[in-house]
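This report concerns helix packing and chain contacts in a predicted model. The structure is shown below.

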Amino acid sequence: MNTLLAQSINLFAVVLLVLAFAMIAQRRILTLIHLFTLQGASLVAATLVVAYLTGQSHLYFSAGMTFVLKVVLIPILLHRVIQRLNVRWDVETLFNIPTTMLIGIVLVIVAFNLARPIAGLSTSIARGTLGIALACVLLSFLMMIVRAKAVPQVIGFLSMENGLFFAATAATSGMPMIVELGIAFDVLVGILILGVFMFQIREQFDSLDIRHLEKLKED
Amino acid sequence: MSLAGLFAQLLAVVLALGLAPLLTGWINQWRAWLQGRRAPGLLQPYRTLHKLFNKESVVAENASPIFRVAPYIMFGSMALACGIAPTLSTDLPLAPAADAIALVGLFALARVFISLAAMDIGTSFGTLGARREMLVGFLAEPALLMVLFAASLISQSTSLAQIVETLAHRPFAIYPSLAVAGVAFTMVSLAENARVPVDNPATHLELTMIHEALILEYSGRHLALVEWAASLKLFAYSCIGLALFVPWGVAEADTPIAIVFAIPALVAKLTVGGVLLALIETINAKMRLFRVPEFLATAFLLAVIALLVHGLLGA
């Protein structure tokens with residue numbers, strides 16, 4: 001039973017990675033939010049399994065916090081934002097999507113090779129998944145780079161935090177409680193500020209394209 | 001080669017020939033139900049085949065011999081593919097003849113001939129269908145190979161029978177790489193079998209069809225063979241998918257009597273699989289043709305991820 005559970009951590013990790021890829025390939029903002037919610041849910045599941053197997057009670061707490069924040073609160077906020085801004089249509093990308101996915105594969109290979117020696121030093125139960133967590137972080141980073149609109153960039157930022165959180169769980173059985181709390185509130189405050197920003201960008205330029213921000217003065 | 005193996009081989013091919021139209025009928029029935037239409041009978045594909053075999057076969061004046069032999073080649077390769085895939089037993093005399101790579105080659109052979117036949121008559125629809133079929137095929141094939149490699153990495157062999165034996169024998173374990181490969185395989189088989197996100201098997205709308213455009217010129221027994229071969233292809237793909245990802249219930253070499261139990265297991269798995277396929281086809285809309293490369297590129301990359309994950313986690 002316990003070996004099966006330990007293997008299920010790997011499975012959740014792979015789900016996290018595949019969802020990160022799906023986000024890169026996805027054109028619609030609404031589906032992007034659904035994918036983000038799913039990613040949060042699989043993160044919660046992975047954390048719960050690690051908590052059960054290692055018997056560390058504070059991981060239960062952080063799993064609960066992840067659930068409340070990333071599966072419930074932030075998706076609701078994002079839904080509201082896109083409803084107010086009325087941006088449900090296709091996302092504009094800077095490169096075409098197959099190219100982006102090919103770059104993504106290269107990132108995955110880099111992350112896997114980078115993490116292998118580090119994972120060898122760890123004694124954690126889920127150390128093999130460190131490479132996957134690193135790959136998730138890099139993929140979300142890539143998503144933030146290639147998207148031209150503000151909302152997908154915010155989702156990329158949040159998904160990067162998912163990857164970081166998973167890396168912490170996989171490599172060291174979770175960060176200290178106080179750090180986790182701090183990050184959670186950072187993310188929450190970050191999303192609120194970014195939400196305000198999105199409304200401001202829209203008011204100034206009549207569009208959410210952040211390339212408008214490159215011009216510093218009016219001509 | 002044992003007598004039991006020979007019997008299992010014969011039974012597998014006969015079962016495939018008999019059950020393949022039934023599987024198609026079952027999927028069509030569920031598709032109709034899920035879409036709120038009245039369903040055709042379960043045996044409708046058999047009736048269609050019977051009708052077509054009794055009809056006269058009309059061949060265009062300028063048709064070359066390729067046009068006449070293509071249905072037979074297609075039917076033959078699909079029947080052989082059903083014989084190679086370990087549907088009932090892993091003790092198959094045909095299995096050493098062809099491994100997973102040769103199986104993909106067999107599908108490619110059928111595709112090349114049906115495309116040649118479609119171009120042979122010289123109508124614009126046939127040529128258009130052939131080009132689209134080739135576009136889908138050349139993107140789907142590497143993805144299919146990668147999926148099969150992901151499965152063969154676990155069992156250290158490209159022989160399908162060997163893969164199934166290893167997977168079914170080992171104590172139950174979660175293979176993350178297989179889970180990803182399963183998703184990729186589903187996407188590839190949707191594309192290869194002309195199913196909804198890529199092609200609609202029920203349409204004759206000229207601008208969107210792929211498979212129907214290829215076989216537009218066929219009639220009578222030729223058309224019957226092509227249709228039967230299409231059912232066989234779907235059956236073969238389902239069986240390969242079931243063998244790789246749900247291998248339990250397949251009989252092994254040392255227990256020939258298990259074939260008796262393997263048949264109901266196969267039928268049960270196909271029943272559930274057919275409903276799932278109908279569900280996928282119902283909740284998805286057919287995509288634009290130029291989105292198909294993106295869809296198949298995603299399948300290919302998923303399969304590559306499966307390989308990488310196997311390398312990382314080591315299973």
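In chain B, B:P45, B:T48, B:L49, B:L52 and B:F53 of α2(B) meet B:G220, B:R221, B:L223, B:A224, B:E227, B:W228 and B:S231 of α9(B), contact being defined by C-beta atoms, placed from the backbone, that lie within 7 Å. By class, the residues of this contact of α2(B) with α9(B) are seven nonpolar, three polar and two charged; Ala, Val, Leu, Ile, Met, Phe, Trp, Tyr, Cys and Pro count as nonpolar, Asp, Glu, Lys and Arg as charged, and the others, Gly among them, as polar. Helices are DSSP runs (H or I, at least four residues), numbered from the N terminus.

The model is predicted, local features need pLDDT of at least 70, side-chain atom pairs count only at pLDDT 80 or more, and totals for chains, interfaces and linings use all residues. Residues are numbered from 1 along each chain as its sequence is written, while chains are lettered from A and ligands numbered from 1 in the order in which they are written.

Helix α2 (44-53) of chain B packs against helix α9 (220-245) of chain B at about 155 degrees, with the axes 7 Å apart. α2(B) is therefore roughly antiparallel to α9(B) (angles over 145 degrees count as roughly antiparallel, those under 35 as roughly parallel). Axes are lines fitted to C-alpha atoms, for helices over the stretch in contact, and angles run from 0 to 180 degrees between N-to-C directions.

Between the chains, 19 residues of chain A are in contact with 16 residues of chain B. On the chain A side, α1(A) gives the most, with 10 residues. That side divides into 14 nonpolar, five polar and no charged residues.

The axes of α4(A) and α11(B) (292-313) come within 10 Å and cross at roughly 0 degrees, which means that α4(A) is roughly parallel to α11(B). Among the residues making this contact are A:M101 and A:I105 of α4(A), and B:L301 and B:V304 of α11(B). The contact of α4(A) with α11(B) has 13 nonpolar, one polar and one charged residues.

α5(B) is followed by B:Q156, with a positive phi near 60 degrees. α2(A) is followed by A:G55, whose phi is positive, near 70 degrees.

Methods:
Two residues are in contact if their C-beta atoms, placed from the backbone, lie within 7 Å. Helices (H or I, at least four residues) and strands (E, at least two) are DSSP runs, numbered from the N terminus. Angles under 35 degrees count as roughly parallel, over 145 as roughly antiparallel, 65 to 115 as roughly perpendicular and the rest as oblique.
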